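Colleague: Could you walk me through reading a sheet and the helices around it?
Modeller: Gladly; let us look at the structure together.

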Amino acid sequence: MKFLTSFLLLLLPAIAFCQDPMAQNYKIYNTAKQRPATIDEIINDLDKADVLFFGEEHNDSTGHYLESLLFKKIADKYAGKAALSMEMFQTDCQTVLNEYLADMIREKNLITEGRAWKNYKDYRPMIETAKAAHIPVVAANAPTRYTNMVTRNGLNSLDQLSPAAKAWLAPLPIDTATGPYYEKFVAIMGGHSAMGNLKIYQSQNVWDATMGWNIAQFLKAHKGYKVFQVNGGFHSEEKMGTAAQLKKYLPKVRIMNIAAYADDSFDNPDWTKFAKMGDYIILTNPKLPKTF
C-alpha cells in the first residue's frame, strides 16, 4: 500500500503535465491578492463582468495558447452567451469573417480577403472554436488605411470620408483627451521629442475607440453575453485605452482585464511593475522561443 501511495505521488506531476502540456511555461497571478491563481479562477470571476480583456504580446506563443484555453472555457461555461472580439480583424472585414464562420467560404479566402495577420495560425484555434460552436466574432479594429490617414494628416482628416467609410469607425469626433494614457503613450514612444506631434497619438485613439465602440454595440444588441476581447497589451493595461473608450460608450459595462508578459520575474513577480496592470497577470517564460 505504501508503495502504491508513493507511486501515485510520483505520478501526479506527470498527470498534471499531460492535462496541460504548457503548464510549466507560465504563471498566473491575482494582482489584488498578489498570489498565484488559476485559469478556472479567472473564469469564475467572469460571472461578475461583461468583458474580459486579454492584453497579449503579439509574438508570445504561450500567451496565444492561453487565449485559446480561456476562450474554450468561456464557450463551455457560457454556452449560447459567449462572444469573441479581436483586434486582429478590421471592421470592414466583418462580412468575410461572418461568411467563414457560417462555413460559406474557404479558410484561404478568410486569410486573404479578411486580411488576417501573418501569424493567423496563433489565433486560428479561437476562430475554429467559435465556428464549431456558432459563437459570434467581432472584427473590432479600425481599418489600417484610416489610422494611417490620421497619423499623416491628423484626426480632422477623417471628416472628409464618406458616410459609408465613417461607418467602419467609432462615431466622430473621437475623444483624444490627454492624461495618464497620453503620458504612458509618450513614454512608450521614447518621449515627446521622439513622438513628434499628436497625430500618432490621435491614430492610437482611433484604434482604441473603434474597438471599444464595436464591443459596446455588440453588448447593446446581445444582452447578457460575455465578450472575450483579445488585443495588444497596451490597449487594455490599467483598463486604459480600449477599455476606457468602451466605458465611455457603455458606462455601466463591467470589465476585467488580463495583462500577459514574457518577463524575467516569471517565478517572483516585480509588483512595482505589475500591481496595476490588470486584475490578473500572466507571466510566461522569457527563454521560450517567440513566433510571429
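We go from the sheet to one of its strands, and then to the helices.

Colleague: Before we start, what kind of model is this?
Modeller: This is a predicted model.

Colleague: How many strands does the open sheet have, and in what order do they come?
Modeller: The general idea is that strands of a sheet pair through backbone hydrogen bonds, either parallel or antiparallel. Here the open sheet has 8 strands, in the order β2-β1-β8-β7-β3-β6-β4-β5, and its pairing is mixed. At the edges are β2 (35–36) and β5 (137–141), each of which pairs on one side only.

Colleague: Let us take β7. Which strands pair with it, and in what sense?
Modeller: Strand β3 (residues 51–56) pairs with β7 in the parallel sense, over 5 bridges. Strand β8 (residues 280–284) also runs parallel to β7, and 5 bridges join these two.

Colleague: Is β7 mostly covered or mostly open?
Modeller: Mostly covered: of the 8 residues in β7 (residues 255–262), 7 are buried.

Colleague: Now the helices. Which strands does α3 touch?
Modeller: Helix α3 (residues 61–77) packs on the sheet and touches β1 (26–30), β3, β4 (82–90), β6 (226–232), β7 and β8. The direction of α3 makes about 165 degrees with that of β3. Another helix to look at is α11, which lies across β3, β4, β5 and β6 and runs at about 155 degrees to β5.

Colleague: How do α11 and α12 pack against each other?
Modeller: Start with the angle and the distance between the axes. Helix α11 (residues 199–221) and helix α12 (residues 242–249) pack at an angle of about 50 degrees, with axes 8 Å apart. The two helices are therefore oblique to each other, and their crossing is right-handed.

Colleague: Which residues make that contact, and of what class are they?
Modeller: From α11 come N205, D208, A209, M211, G212, W213, I215, A216 and K220, while α12 contributes T242, Q245, L246 and Y249. By class, the contact of α11 with α12 has 7 nonpolar, 4 polar and 2 charged residues.

How values were computed: Residues numbered from 1 in each chain as written. Predicted model: local features only at pLDDT ≥ 70, side-chain atom pairs only at ≥ 80, totals over all residues. Heavy atoms only, no water. Buried < 20%, exposed > 50% of the residue type's maximum accessible area, 1.4 Å probe, protein only. Helix = DSSP H or I, 4+ residues; strand = E, 2+ residues; numbered from the N terminus. Pairing = 2+ DSSP bridges. Axes fitted to C-alpha atoms, helices over the stretch in contact; angles between N-to-C directions. Parallel < 35°, antiparallel > 145°, perpendicular 65-115°, else oblique. Left-handed = near helix turned anticlockwise from the far one by under 90°. Contact = heavy atoms within 4.5 Å. Nonpolar A, V, L, I, M, F, W, Y, C, P; charged D, E, K, R; others polar.
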